[in-house]
Amino acid sequence: QITTVSGNEFLLQSDIDFLILDWFHAIKNAIDRLSKERSCTSRNLEFKLRRSSSIELLNSLDTESKEPKPEHRKSLIFRLNYSASDTNDRNRVKSRLKKFISRRPSLKTLQDKGFIKDQIFGSHLHVVCEHEKSTVPQFVRLCIKAVERRGLDVDGIYRVSGNLATIQKLRFVVNQEEKLNLDDSQWEDIHVVTGALKMFFRELPEPLFPYCFFEQFVEAIKIQDNATRIKSIRSLVKKLPRPNYDTMKILFEHLKKIAAKESVNLMSTQSLGIVFGPTLLRPEKETGNMAVHMLYQNQIVELMLSEYSKIFGSEED
């Protein structure tokens with residue numbers, strides 16, 4: 001799955017491992033061929049947007065204004081008409097803006113007064129569950145019910161992308177805690193519902209498989225003996241925090257129902273592994289082993305779907 005800086009998403013899928021690796025290397029080589037100047041500019045912009053506070057951005061105006069700019073007619077006319085009073089006015093506005101920003105109430109204060117509500121998308125799983133007094137987010141339950149009601153037989157369910165604008169609209173409704181009815185006509189495209197559910201898991205600050213478990217799951221999937229591999233995965237799953245375990249159990253039970261309709265919807269356990277692997281588990285810091293990790297991520301999800309009853313069932317099972 002590829003997400004561009006402009007927000008477009010592309011899903012490249014194949015059941016052939018070496019073909020996936022060829023795609024990965026081709027995309028990586030294309031990125032490497034981009035000019036260093038463009039790449040540097042993009043990273044600086046992203047760093048500034050993500051890391052700089054409002055006051056730091058204001059302070060940076062002075063530094064940026066001193067950088068040499070190309071000479072052209074408009075800038076020459078501007079400098080001729082620029083006066084000392086303009087400079088003073090600009091400094092006064094900037095000073096007042098700095099004071100306003102420094103005196104603005106904190107996020108916690110706004111939340112305590114009810115001006116800003118806790119978000120569902122982008123919040124930690126345990127925070128959402130604590131807020132709802134449950135161990136599985138209500139939004140996840142609603143999406144699963146909607147898909148099982150009218151999407152099990154849909155070709156490419158979870159693989160086909162829904163309209164991004166409509167998905168974002170659904171995201172906004174959920175975050176505003178408005179009463180949600182997924183049977184409403186505006187959500188009639190089931191791919192919008194599945195797209196929103198994938199987005200919910202993708203935007204978790206820490207994935208459904210917590211970062212501290214990632215390497216342990218990777219080591220477990222490498223075990224050659226199938227029975228030992230299943231036992232190891234089961235043991236790790238049982239150690240997960242309750243919200244993660246309960247949410248994972250209900251999600252994988254749902255995906256198992258999707259795979260059971262493979263002859264109709266063309267979504268096998270392997271296909272679902274490719275779609276959900278990178279979404280549900282990923283390393284905290286990406287390394288040069290991204291292509292290898294991707295294969296393990298897919299295999300872990302695929303195994304847990306194929307051996308669902310052994311992994312999530314009781315000891316007696």
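**Exercise 1. Count the disulfides in this predicted model.**

Solution. Start with the rule: a disulfide is a pair of cysteine sulfur atoms within 2.5 Å. By this rule the count is zero. Relative accessible area under 20% means buried, over 50% exposed, and in between partly exposed (1.4 Å probe, protein chains only). Cys143 is buried, because its relative accessibility is 0%. Cys212 has a relative accessible area of 56%, so it is exposed.

The model is predicted: local features need pLDDT of at least 70, side-chain atom pairs count only at pLDDT 80 or more, and totals for chains, interfaces and linings use all residues. Residues are numbered from 1 along each chain as its sequence is written, and side-chain values use heavy atoms, with hydrogens and water left out.

**Exercise 2. Describe the surroundings of Asn244.**

Solution. First, find the element. Helices (H or I, at least four residues) and strands (E, at least two) are DSSP runs, numbered from the N terminus. Asn244 sits in helix H13, residues 242-260. Asn244 has a relative accessible area of 9%, so it counts as buried. Third, list its contacts (heavy atoms within 4.5 Å). Neighbours within four places in sequence are set aside; Asn244 then touches Leu125, Pro207, Leu208 and Pro210. Last, look at the side chain of Asn244: it reaches the backbone oxygen of Leu208 at 2.8 Å.

**Exercise 3. Where do the buried residues of helix H11 lie?**

Solution. Name them first. In H11 (residues 211-221) they are Phe213, Phe214, Phe217, Val218, Ala220 and Ile221. Then look down the axis of H11: these buried residues fall within an arc of 160°, so they line one face of the helix. The arc is taken from the directions from the helix axis to the C-beta atoms. Finally, find the partners. The buried residues of H11 pack against helix H12 (226-238) and helix H16 (290-306).

Terms used: A polar contact is a pair of N or O atoms within 3.5 Å; within protein, one must be able to donate a hydrogen and the other to accept it, and residues adjacent in sequence count only if both atoms are side-chain atoms.
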